[in-house]
Amino acid sequence: MVYVIPGVLVTLLVLGIFAYFSYLNFTFYIDDENEEFIINEGIFNKTNTAIKLDKIQQVNINQSFIQKIIGVYALEVDTAGSAKKEGAIRAISHQLALALKSRLLDNEKKAVAENAADVAATASVTDEPKPFIKIGLLTLLKIGITSNYIRSIGLLFLFYSYVQENLRNFSQTDYLDGSELDDFFATQSVLRGILVLGIVLIVIVLIVNIVRTVVKFYDFTISKQKGSLLLSYGLFNSKSTIIKPEKVQITTVTRNYFQRKMDILEIKIQQATSGDSEAKKDITEIPGCNEVEKDAILRLIFETVPEKGVMLKPNWRKLVFSLFLGIIIPISLYLGFGYFIEPLAFDYAFVGVGYTIFVAVLLFFGYRNNRLFVNDDYIIIQSGAWDVDNRIIEIGKIQALTTSQLFWHKLPDIGSLTVHTAGGDVHFELGNFTTVKKYVNLWLYTVETKNINWM
């Protein structure tokens, strides 16, 4: 202890000195002349980050549970120039965070303040934006019951694997092994055992889904602020995000059968990102909107509600190919395994029958819902078997278009289309190739002739 206590004190002293000088050297301000947000940081290696205001895609104001206790906020600035946030301030007051948020994403042409202090003073006297959409607890419960089943099953599997591995390392024994499952099925018929496990799994998934949805999206409000979309939500970790409508690349409206009956839906907004992996991380979700609220959000993003125009359908060969991959190949492998390796596998043939029916239904509805809608200004790509997605893309924001056709598709005149945007890619497969190429030429002309500021 004679050596440990002084060592700990010296370490804390050194860390305190470094923290103090890091605090002194960390400054940020807005350069009104060059329209840039400047961040200076570093002790020995000093860094100066200059972010053009018109290139900012998104500003996030977050508050973790620890930050709530301390009473500070974290502000992140994203321009989609790299995989990480270009600017990050870990601890600022709420008043200053709101002032920066308002100035960094100001969509209105107005006289700027003389300096950051004037901006903060102006923000302190202005009223907070009033929410025009508020998602209540009941709506979040509906969303938790009707969505994200696969994600919840994945979370349960990861949680079980983590707990099992740690318990095994701790005691060198399995807390849930095959013998316990064998004992369970020994006292139950196979069908009854599967039914019981299925019901238990469904109940657990619903509980996990509800808890996750409520914790993540608690007190979800949407406000208009100077032409931008302000989203605020979170129970333990609060988050406030401002989105510029002109920076939005893909807007997805998702709804399934149960949500249609409850008059709710989900909206996902994708902005420009540095890659496909980041596109999945940076999706902004709006849960539990009704039709009126959906139209209000779409009008704020697009200044209108995009309508579905001319409809293109995939060829019937798409369904046949999906059935071949999803049913014929797996069932052939199962039959081969039972015939050549383990005949006892045929005792569970009812599982193969159930799998065949379930997958066939999913593939059929997925094929039936797969559509491409085209009008003068927008492309809407519809897909999904249970959760039906409608991805809305403004034609002027298309980055590139890729068409492909296999040699055996030339005779039936079918091919595939990939629409590349700064927020990710969307696909439409095995449509009429002549019609697709005609629209591709029209879209390329539109992109070249329109001048849209989306980057």
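View 1. The model is predicted: local features need pLDDT of at least 70, side-chain atom pairs count only at pLDDT 80 or more, and totals for chains, interfaces and linings use all residues. Residues are numbered from 1 along each chain as its sequence is written, and side-chain values use heavy atoms, with hydrogens and water left out.

**View 2. Asn-256 sits in the loop between β11 (248-255) and α9 (257-262).** Helices (H or I, at least four residues) and strands (E, at least two) are DSSP runs, numbered from the N terminus. Asn-256 has a relative accessible area of 0%, so it is buried (under 20%; exposed is over 50%, partly exposed in between; 1.4 Å probe, protein chains only). Not counting residues up to four places away in sequence, Asn-256 touches Thr-146, Trp-386 and Asp-387 (contact: heavy atoms within 4.5 Å).

**View 3. Seven strands form an open, antiparallel sheet.** The order is β13-β12-β11-β17-β16-β15-β14. β13 (284-289) and β14 (310-312) are the edge strands, each pairing on one side only. From one strand to the next, the twist averages 20°. Six bridges link β11 to β17 (residues 388-394), in the antiparallel sense; pairing takes at least two DSSP bridges between two strands. Val-253 stands opposite Asn-390 in β17.

**View 4. Gln-271 belongs to strand β12.** Gln-271 counts as buried because its relative accessibility is 4%. Leaving out residues up to four places away in sequence, its contacts include Gln-57, Gln-58, Lys-244 and Ala-422.

**View 5. Ile-297 is part of the largest nonpolar core.** A nonpolar core is a set of buried Ala, Val, Leu, Ile, Met, Phe, Trp, Tyr and Cys residues joined through side-chain atoms within 4.5 Å. This core has 28 residues, of which Leu-229, Ile-286 and Ile-297 touch the most other members. Helix α11 (residues 291-302) gives the most to this core, with five residues. Beyond its neighbours within four places in sequence, Ile-297 is in contact with Ile-133, Ile-222, Leu-229, Ile-267, Ile-286 and Cys-289. A second, separate core has 18 residues, including Ile-379, Ile-393, Leu-401 and Trp-443.

Conventions: Axes fitted to C-alpha atoms, helices over the stretch in contact; angles between N-to-C directions.
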